[in-house]
2 protein chains.
Amino acid sequence: MNETTITAQPNTPFIDVVREFDATPAQVYRAWTDPDLIPQWLGPHGGTMELIEYDVTPGGRYRYIHRDTDGEHGFRGVFHTVETNKQIVQTFQYDGWPNDVSLETLTFEDLGGRTRVHTHAVYPSVESRDGMIASGMETGVRDSMARLDEVLAR
Amino acid sequence: MNETTITAQPNTPFIDVVREFDATPAQVYRAWTDPDLIPQWLGPHGGTMELIEYDVTPGGRYRYIHRDTDGEHGFRGVFHTVETNKQIVQTFQYDGWPNDVSLETLTFEDLGGRTRVHTHAVYPSVESRDGMIASGMETGVRDSMARLDEVLAR
């Protein structure tokens with residue numbers, strides 16, 4: 001069982017998510033960035049995800065909407081750095097909080113057949129970061145990682 | 001005389017730059033984002049600036065090179081939010097430090113004929129922010145703001 005570690009030290013604007021997968025960096029990176037596969041794992045259990053735009057190149061944009069019985073939530077961002085199978089630097093914004101844009105650095109580390117994905121996110125303020133944690137994002141992250149395991153196992 | 005205030009609180013990854021200009025938000029925003037005007041003010045005294053790419057739309061990219069007697073320094077980023085005369089959210093990277101991408105929020109505040117520009121930058125770590133401060137960026141920022149005064153006075 002692979003565990004998802006979410007770290008948010010008090011009085012910092014950072015959130016770190018670390019997760020290992022039983023697959024190579026190329027396999028994990030593909031599942032992470034293939035527009036056909038992303039809707040199969042990104043988001044919490046029990047909802048659906050519509051990927052409206054996803055152009056994983058420097059300057060490319062992404063946009064998606066999660067829908068569940070409570071309603072819908074839109075997210076968007078742009079890609080700054082794209083190094084295939086290695087690293088992505090991207091912005092992230094929830095439509096409901098347009099003033100809290102964060103910057104995420106995703107690193108795909110080769111553990112020899114296994115892969116460690118480290119997401120380091122930085123928010124424009126500690127309050128903004130705390131708001132994201134309070135929103136319950138942890139459930140969405142843990143669910144997504146478990147669903148990604150299933151996609152990789154196919 | 002308009003003063004440039006640069007704030008970098010210890011143990012945070014933030015840099016805040018606040019500067020007022022004797023011009024309207026529309027005038028300041030135009031000088032800030034017009035590819036013909038940017039090379040006339042962005043950068044320290046005594047160098048030249050080549051604007052290679054500048055597409056101020058969400059997902060657009062920018063890239064420029066500063067040259068002086070010490071050599072040349074390249075910078076690049078992508079735009080996340082563009083609200084004309086009001087706000088820009090963009091990434092920022094110095095070629096020499098590819099792992100220290102920062103996110104900048106620029107706000108153009110109308111003071112009634114005058115304008116306050118607030119740049120809030122957040123770095124991926126406190127160490128990364130400290131490195132930017134130690135690089136002498138303050139001189140470049142103060143010089144740029146003084147040169148922008150001259151562009152606006154024309």
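## Sheet of chain A

Strands E6(A) and E7(A) pair in the antiparallel sense over six bridges; two strands count as paired if DSSP finds at least two bridges between them. Strands (E, at least two residues) and helices (H or I, at least four) are DSSP runs, numbered from the N terminus. Within this pair, Val89(A) has Thr105(A) in E7(A) as its bridge partner. Helix H3 of chain A (residues 137-153) packs on the sheet, where E1 and E2 of chain A are touched; contact means heavy atoms within 4.5 Å. The direction of H3 makes about 20° with that of E2(A), with axes fitted as lines to C-alpha atoms, for helices over the stretch in contact, and angles running from 0 to 180 degrees between N-to-C directions.

The model is predicted: local features need pLDDT of at least 70, and side-chain atom pairs count only at pLDDT 80 or more, while totals for chains, interfaces and linings use all residues. Residues are numbered from 1 along each chain as its sequence is written, chains are lettered from A and ligands numbered from 1 in the order in which they are written, and side-chain values use heavy atoms, leaving out hydrogens and water.

The sheet of chain A is open and antiparallel, with eight strands in the order E1-E2-E8-E7-E6-E5-E4-E3. Its edge strands are E1 (4-7) and E3 (48-54), each pairing on one side only. On average, neighbouring strands are turned by 20° against each other, direction ignored.

## Sheet of chain B

In chain B, eight strands form an open antiparallel sheet in the order E1-E2-E8-E7-E6-E5-E4-E3. E1 (4-7) and E3 (48-54) of chain B stand at the edges with a single partner strand each, so one side of each lacks a neighbour in the sheet.

E6 (residues 87-94) and E7 (residues 102-110) of chain B pair in the antiparallel sense over six bridges. Val89(B) is the bridge partner of Thr105(B), and Thr91(B) stands opposite Leu103(B). E7(B) and E8(B) form a hairpin with four residues between them, and Gly112(B) in the turn has a positive phi of about 85°. Helix H1 of chain B (residues 25-33) lies across E2, E3, E5, E6, E7 and E8 of that chain, running at about 150° to E7(B).

## Interface

Chain A has 25 residues in contact with 25 residues of chain B. The area buried between the two chains is about 1600 Å², with carbon and sulfur atoms giving 64%; buried area is the accessible area (1.4 Å probe) lost by two parts on being put together, summed over both. In chain A, His80(A), Leu103(A) and Pro124(A) lose the most area to chain B, together 30% of what that side buries.

Eight residue pairs are in polar contact between the chains, both residues at pLDDT 80 or more. A polar contact is a pair of N or O atoms within 3.5 Å; within protein, one must be able to donate a hydrogen and the other to accept it, and residues adjacent in sequence count only if both atoms are side-chain atoms. E5(A) gives the most to the side of chain A that touches chain B, with six residues.

## Salt bridges

A salt bridge is a side-chain nitrogen of Lys or Arg within 4 Å of a carboxyl oxygen of Asp or Glu. The side chains of Asp22(A) and Arg114(A) form one of them (2.1 Å, N to O). Asp22(A) is in the loop between E2 and H1 of chain A, and Arg114(A) is in the loop between E7 and E8, 92 residues apart.
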